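Student: I have a structure open and want to learn how to read it. Can you take me through it?

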Amino acid sequence: MRITMVGTGYVGLVTGTCLANTGNDVTCLDIDQGKIDKLNNGISPIYEPGLDELIQRNAAAGRLSFTTDKVKAYQSAEIVFICVGTPSDERGHADLRYVLAASADIGKAIEAGPGATGGGDGERRAKIVVVKSTVPVGTNQKVSAAISASTSKTFYMASNPEFLKEGAAINDFNKPDRVVIGVSDKGTGDRLRDLYEPFVRQGNPIFVMDIPSAEMVKYASNAMLATKISFINEIANLCESYGADIDEVRRGMCSDKRIGNQFLYPGLGYGGSCFPKDVLACISMGELSNTPARLLEAVHEVNQRQRDAFMAKIDKHFGGGAGLSGKKIGVWGIAFKPGTDDVREAPSITLMEYLLERGAAVVAYDPVAEQTCREVMADKISYAKDAVGALAGVDALVVCTDWDEFKYPDFEAAKAAMKSAVIFDGRNLYRPEQMREMGFIYHSVGRRPVVGEAVEQGG
Ligand SMILES: NC(=O)c1ccc[n+]([C@@H]2O[C@H](COP(=O)([O-])OP(=O)(O)OC[C@H]3O[C@@H](n4cnc5c(N)ncnc54)[C@H](O)[C@@H]3O)[C@@H](O)[C@H]2O)c1
């Protein structure tokens, strides 16, 4: 099928490339000329494991192309997937301005292009416009109206929320747990089912449902996952208050099959470009419909508090007040999670901003997110080329992202480089016992701190 992906970001680029890989003819459209130039030179503008090679292979095969030419991209497509961003606006509502701008463009292109004749063999079939962006219930109607404002020609609407995870996006799209398709007519459902059949050969389901339900599935899923994270963080905080150990509690609790062990890891709280904004969007859907989402309000609040609580631990260690002023802090991990260069809503950014406000100097290291961090933090912090390089003369290390390379670091080299052997571990990567034996002061989440005399290294 001839497909156009609108928005060549984490979702549009990955899904477009994977759809090309199953033999479709895919055009990726973006308004960002810089992104399109990079892609036309075989360079992915985002870091996603395995993506570069897949882009190059499919582009070379002539199935995948990149453009800023809206009219051409829309007119040539049988199916248009809207994959543009839906960030929070200042009130926490989903900002639909990119979705609606793309919709208006689609309407104009449809109007200027050849008309559809309704569908039989050999006839030109009406376009399907699929909203893949995460959007509040009712958005498909708004998109349809925005397109219809510019054309009276026939087109069909569908909702197809995306569930891929950054860092594992290609595998997630190629082997989805489920595909959700929202339609208001059977023919559109059948055409989209055909498109997705190659991805569910192992029997995973394709659910075809009404459009509002499909729109809601995505928010309900992300809200549930965010709730699990806030839940375990709340329990971790209780553990700290009462001298219990969240690792032991987790083990005991998660062996109950009804609970399970997925997504129940304490830490710095959720971040990234989806959970924070999607929880806020659910809360605002509740406000707008007079159906307050009280639980999700608490999920959001607990998440905010989690970062504050961790920062308070750092502050307390340095004596509060001006204690952090003039200190040098190493940070391991900037990306909001391992496997991606995405720093949107990353806890590391909040933490680093806080440290800077308190007068500390920050040296950060991330295996892939230095460039995306520079776009946000510029040169307010300095960047190290490797993990130990971020520790030269530091008064403490703060671990923000659980990249594999931080899980078994060279502790001797780390300690030798640091001025003080102090670690604040926002991901519970290390065993407190091991830290004690190695002479570190060690603070983590939901576990008893390892305190004692920090060894002054003099470095
Ligand atoms: N990132 C994820 O892990 C993920 C997972 C599932 C769903 N989603 C949802 O998918 C949507 C996209 O997320 P993302 O992370 O890929 O966003 P992104 O910010 O990485 O990419 C969006 C792209 O759209 C482009 N764009 C904006 N307006 C445009 C227009 N009118 N025409 C063409 N291109 C335009 C931007 O230049 C940008 O490149 C969001 O609604 C998000 O909630 C994201």
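Predicted model: local features only at pLDDT ≥ 70, side-chain atom pairs only at ≥ 80, totals over all residues.

Tutor: Residues are numbered from 1 along each chain as its sequence is written, and side-chain values use heavy atoms, with hydrogens and water left out.

Student: Which residues come nearest to the ligand?

Tutor: A residue is near a molecule if one of its heavy atoms lies within 4 Å of it. Around this ligand there are 27 residues, and Asp30, Lys35, Thr86, Glu166 and Lys277 come nearest.

Student: Where do polar side-chain atoms of Asp30, Glu166 and Lys277 lie?

Tutor: A polar contact is a pair of N or O atoms within 3.5 Å. Asp30 places a polar side-chain atom 2.6 Å from a ligand oxygen. For Lys277, a polar side-chain atom also lies 2.6 Å from an oxygen atom of the ligand. Glu166 has one 2.7 Å from a ligand nitrogen.

Student: How much of the ligand's accessible area does the protein cover?

Tutor: Accessible areas come from the Shrake-Rupley method with a 1.4 Å probe. The ligand on its own has 830 Å², and the protein covers 90% of that.

Student: How do helices α11 and α12 pack?

Tutor: Helices are DSSP runs (H or I, at least four residues), numbered from the N terminus. Axes are lines fitted to C-alpha atoms over the stretch in contact, and angles run from 0 to 180 degrees between N-to-C directions. Here α11 (residues 275-288) and α12 (residues 294-317) pack at about 145 degrees, axes 9 Å apart.

Student: Which residues meet?

Tutor: Contact means heavy atoms within 4.5 Å. Val279, Leu280, Cys282 and Ile283 in α11 meet Leu296, Glu297 and His300 in α12.

Methods:
Helix = DSSP H or I, 4+ residues; strand = E, 2+ residues; numbered from the N terminus. Polar contact = N/O pair within 3.5 Å; in protein donor to acceptor, adjacent residues only side chain to side chain.
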